[in-house]
Each structure stands twice: as C-alpha cells, then as structure tokens.
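Trainee: Could we go through the labels used for this model and see what stands behind each one?
Mentor: Happy to, let's look at it together.

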Amino acid sequence: MTKLSFEEFSPVSEKQWKQKIQFDLKGADYNKTLLTHTNEGLTINPFYHKDTAQYLPVELPAESFKICQTVFIDDTSIANKLAKEALEKGATALRFIADAPFDFEVLFKDISESCPIFFKFNFLSQSFITDLLTYVKSYKCALNIDIIGHLVSTGNWFKNNANDHKNVTQILAKASKNSSVLAVNVDVYQNAGANTVQQVAYALAHVNEYLNTFESAIFPEPKSKKINVNFAIGNNYFLEIAKLRALDIYLTYSLTT
C-alpha cells in the first residue's frame, strides 16, 4: 500500500482560505455570519491557520481515555445484564446511577475488577456506602459524592449540614487507595448559565470548601482519596479545552506546592 502523502498538494495560506470563504458567502458579511461572540467576551473564528497561530506543545496524559457507559439501577439484575452487555460492545468503564441502596453482589457479578467503576448516588447512606467500599476495594472505584452540589442543585442537604458532613467523614475513613469518595459536579453551574470563567471559579471554590472541611481525611494521601471534578461540555471546542486545562493546571500546582 502506498504511503499517504500530502506533498503533491500546494499549501493553502490563511488569505486564500478567507478569499474562498468570502466567495462562498455570496455577498454575506463575513464578520456577522461566521464570527461567534461568547459570554466571556471572546470571538471565535470559523477557522484557525498556522500562519497566525502559535504552536504550543501539549503534554498528553499517561492514561488513555475511557469509554464509559451509564446504567441506571432500578432492578439490580437488569442493571448487571446491561453493564455486561455494554462491556461486550466496547465500553471500558461503567457509571451506575442509584436512587436507593441495592444488592452490590448481584450488580458486580461477572464484572472484571479491571473495569473502572463510577457512581452517582441520589441518596446518602453512610452504612450502605461503607459496606459497598469494602466489597469493591479491589476495583478502581469513584463514589462521586457531592453534598454541596446536591445542595446547589436541589436547595436541600440530603438530611442536614451536620449529618451530611459527618457521614462523608466516616465514608472517607473507610475508603481504600483504589477508591475516591468526593466529587465536584460543575455541570450544575453550566446548566444554570455560568460561562467558562465562572465555571472554573465556582469549581475552585467548591474544591477549596472540601479541602478545608475534610483536609484531615483527604491528606496526606490526596492521590488515593482524590476529588473528581465533573464538567458539562459546551459547543465552543477551544473554550472547553481551555477550561479543563486551566483547572487541571491550577489544581495540580496548588496541591503539589
């Protein structure tokens, strides 16, 4: 097979691209038709070219991304069946959503310990979750408990401020090195209309609140009891990448210095 090469094609300059676009617009105004103005006060161009863009090396993560399938737990046997079918079809991680305690022995039947597991609990039961942690100690598991996020999205604690924080402290104490307990669900802010800058600011404040409250339970092992940060993703590609990288860089710097 002949190796694919683009050397036979002449390079196209930024000016040539613009001329072609303006020709195809058939008289429509380029600035009004193709430029996107965001809530952050930025302008998104319809294309970017190496003639005017600066190349910046990006450090890629050591671990590749996962294909995660979400399964709602109503009937535990059915949830187990759906999870196994998803893995057979190519999923490499599972996310379970639960409104109430469930039989985790049935749920995890024939599911490999090499499969990362994520949860979203719409309830908070310290006894159930600590029992679950004992059962999944050999799995790489994220509970994604976010009591502040629950308060923000519903206007209520699971029970009350003191009880919720007490339960989370007890759960943190039971977590193994393979498990993470806390999450910061930033999607609630984006869905409420926050722009990307505001989302990063709220996420940092949210993380800071957990670090202040549960510092003794999280440290000195932040890597084994890390906080997951979950974002909603909008349609402005470059802004979304910048949002994720900004938070990653800031948290990495602040937690290691």
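Trainee: What makes strand 7 and strand 8 a pair?
Mentor: Two strands pair if DSSP finds at least two bridges between them. In this predicted model, strand 7 (residues 179-185) and strand 8 are joined by three bridges, in the parallel sense, so they meet that cut-off. Within this pairing, Ala 183 stands opposite Asn 228 of strand 8.

Trainee: And how do you know that strand 3 pairs with strand 4?
Mentor: By the same test: at least two bridges are needed, and six join strand 3 (residues 68-73) to strand 4 (residues 93-98), so they count as a pair. They run parallel, and Phe 72 has Ile 97 in strand 4 as its bridge partner. Together with helix 3 (residues 76-88), strands 3 and 4 make a right-handed β-α-β unit.

Trainee: Why are strand 3 and strand 8 said to stand at the edges?
Mentor: Six strands form an open sheet with parallel pairing, in the order 3-4-5-6-7-8. Strand 3 and strand 8 (228-230) each have a single partner strand, so one side of each is left without a neighbour in the sheet. From one strand to the next, the twist averages 25°.

Trainee: Is Thr 76 buried or exposed, and how do you know?
Mentor: Thr 76, which sits in helix 3, has a relative accessible area of 14%. Buried means under 20%, so Thr 76 is buried. Leaving out residues up to four places away in sequence, Thr 76 touches Phe 102, Asp 103, Val 106 and Leu 107.

Notes. Residues are numbered from 1 along each chain as its sequence is written. This is a predicted model: local features need pLDDT of at least 70, side-chain atom pairs count only at pLDDT 80 or more; totals for chains, interfaces and linings use all residues. Side-chain values use heavy atoms; hydrogens and water are left out. Helices (H or I, at least four residues) and strands (E, at least two) are DSSP runs, numbered from the N terminus. A crossover is right-handed if, with the strands pointing away from the viewer, the path from the first strand over the helix to the second runs clockwise. Axes are lines fitted to C-alpha atoms, for helices over the stretch in contact, and angles run from 0 to 180 degrees between N-to-C directions. Buried means under 20% relative accessible area, exposed over 50%, partly exposed in between (1.4 Å probe, protein chains only). Contact means heavy atoms within 4.5 Å.
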